[in-house]
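User: Please examine the structure shown below. I would like to go through its overall form and then a few selected residues.

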Amino acid sequence: MDFEALTKYSALHPKPAGLTLQYGTAGFRSKAEQLDHVMFRMGLLAALRSRATGSTIGVMVTASHNPEEDNGVKLVDPLGEMLHPSWEEYATQLANAEEQELQKTLTEICQKAAVNQQKDASVFLGRDTRPSSKKLSQAVIDGVSVLGGQYHDYGLVTTPQLHYVVCCQNTRGQYGKPTLEGYYQKLSKAFMELIKKSPGSGEGQRHLKIDCANGIGALKLSEMQPYLPKEVLVHIYNDGTKEKLNHLCGADFVKVHQKPPKGLDMKPNERCCSFDGDADRIVYYYTDTAGHFHLIDGDKIATLISIFLKELLAKVGQTLKMAVIQTAYANGSSTRYLEETLQVPVHCVKTGVKHLHHKAQEFDVGVYFEANGHGTVLFSKAAENTIRQLAKEEKDDAKREAAKVLENLIDLINQTVGDAISDMLVIEAILSLKGLTVHQWDAFYTDFPNRLLKVQVADRQVIDTTDAERRAVTPPGLQEKIDALVKKYKFSRAFVRPSGTEDVVRIYAEADTQENADALAHEVSLAVYHLAGGRGAPPQPL
């Protein structure tokens, strides 16, 4: 390690005094002007991770659904998955090390992780459309370069596209070609094969309005349009030419506010969807003839995909184990429908995509979606091989055709991470093949009314949880209080969990009516305020 060059470059990316940051589920996020040193150091870390794994590592500069003035960075592991938890700790240590401790911290990481510094290092880099992203990407490049690593800068890409090319590179092309063209070709080919089989194939065009959150999704979707069949008419809104990224639009805005984004005109029963700023989340929605807004979130997306997969798996006649993975935020009505009506096993895990992804890997077919619209489907290697073999060799026509549909679905799904473009094409294909309208899809089950609130506290760490964050262990008396409040309402449940990034406690409540859900959420927020060190004025009723 050239410590002289390191010291010289590090001085160009100084750490602001007193700033400490934590590598969370989505990496680092903060105001863009605070992140220059973090980006430089994540370039260093990516080079070390590459040497430790003997693989290409990805670095994505984005703050996803956060406001435009924020930015962030996340590292992508060899198979396109999220950074290994042991390295999350190294990332936090490195980001927070003072200038004079930087060399020592790097040396310690190399020792603990057995990094062979003689090995080559290879890093793929991508960024979103924020004004700050180009400069911050350069800081990452400085970090990779100072440790003698090679880098390939993909420039403006969606987060899932970077995950995809990293996986393609490290599987030596087995997963696909590590280029954007390779991504567009693989997805569009699989999509076209699927919709060929739809009952109304070739008749009329399927219109879809897409709010791209004024982000990178608009750019990449426009690039992909020539690859898509003429039967699919995608109308892009909030393309970033006029308004700010994520401002009053995007998947997070629509989900939280339960209303359409600014800049998209909706007619009754028209299918619409929203991406988030880096295009790894998607939610659908429509308004009915009475003008009521209907959100179709990650839970309903998981349900649609599960119905389709279950039918196909039954047709191919294989005993492949399928499960749906949810978090505590999943609507109770969706869990009930999946378990009781569909008879699909449901597993609940802690909030955060990495927990869902990890659990989904335990099954032949694992469907996971957070309620916010981030999710995908994972097929085990054995399941994938079985399906591809059946598609080629099965003598029974019906079984072979079902296997072919599954094979195309495998190719259409981005298994590395939630991907708004890929998920959108999967949903459109399923709706087309099953001849479903958006209204019929929405009618699978009715969500229990719910409310999400947050309470400012002096220290979020006073809240500790268990049972996939559904029950509070500390502070004493809080869970007993929540249990007593829940008993007052029908079909109700409530839980609290500390935020991963700020001193707030998040409260989720569900009940038989919106009025009761709101009342329960308010009462639980008061209990949190009084028992967990609330700050400021007590929460007011909604």
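User: Among contacts in the protein between residues at least 6 apart in sequence, what percentage join residues at least 24 apart?

Analyst: This is a predicted model, in which local features need pLDDT of at least 70, side-chain atom pairs count only at pLDDT 80 or more, and totals for chains, interfaces and linings use all residues. Residues are numbered from 1 along each chain as its sequence is written, and side-chain values use heavy atoms, with hydrogens and water left out. A contact means heavy atoms within 4.5 Å. Among contacts between residues at least 6 apart in sequence, the share that joins residues at least 24 apart is 69%.

User: Why is the protein described as being as compact as a globular protein of its length?

Analyst: The protein contains 18 helices and 19 strands; helices (H or I, at least four residues) and strands (E, at least two) are DSSP runs, numbered from the N terminus. The globule rule, 2.2 Å times the number of residues to the power 0.38, is compared with a radius of gyration taken over C-alpha atoms. For 542 residues the rule gives 24 Å, and the protein is as compact as a globular protein of that length because its radius of gyration is close to this, at 24 Å.

User: What percentage of the residues of the protein count as buried?

Analyst: Buried means under 20% relative accessible area, exposed over 50%, and partly exposed in between, with a 1.4 Å probe and protein chains only. Along its principal axes, the C-alpha trace spans about 65 × 60 × 50 Å. Of the 542 residues, the buried share is 56%.

User: Is Val123 buried or exposed, and in which strand is Val123 found?

Analyst: The relative accessible area of Val123 is 1%, so this residue is buried. Leaving aside neighbours within four places in sequence, Val123 has contacts that include Ala46, Ala47, Ile57, Val144 and Tyr151. Its C-alpha atom is separated by 47 Å from that of His522, 399 residues apart along the chain. The strand that holds Val123 is S4 (residues 122–127).

User: Which residues does Ser132 touch, not counting residues up to four places away in sequence?

Analyst: Ser132 has its place in the loop between S4 and helix H5 (133–146). With a relative accessible area of 17%, Ser132 is buried. Beyond the excluded sequence neighbours, the residues touched by Ser132 are Ala32, Asp70 and Asn71.

User: How far apart in space are Leu19 and Gly176, C-alpha to C-alpha?

Analyst: Leu19 is found in the loop between helix H1 (3–12) and strand S1 (28–31), and is buried, its relative accessible area being 14%. Neighbours within four places aside, Leu19 is in contact with Gln34, His37 and Asn96. Gly176 is 157 residues from Leu19 in sequence, and the C-alpha to C-alpha distance between them is 41 Å.

User: Which residues are in contact with Ser499, leaving aside its neighbours within four places in sequence?

Analyst: An unreviewed UniProt entry carries the annotation "binding site", which covers residues including Pro498, Ser499 and Arg506; such annotations may be inferred rather than shown by experiment. Pro498 lies in strand S18 (residues 493–498), while Ser499 lies in the loop between S18 and strand S19 (504–510). Ser499 is buried, with a relative accessible area of 3%. Leaving aside neighbours within four places in sequence, the contacts of Ser499 are Arg460, Val504 and Arg506.
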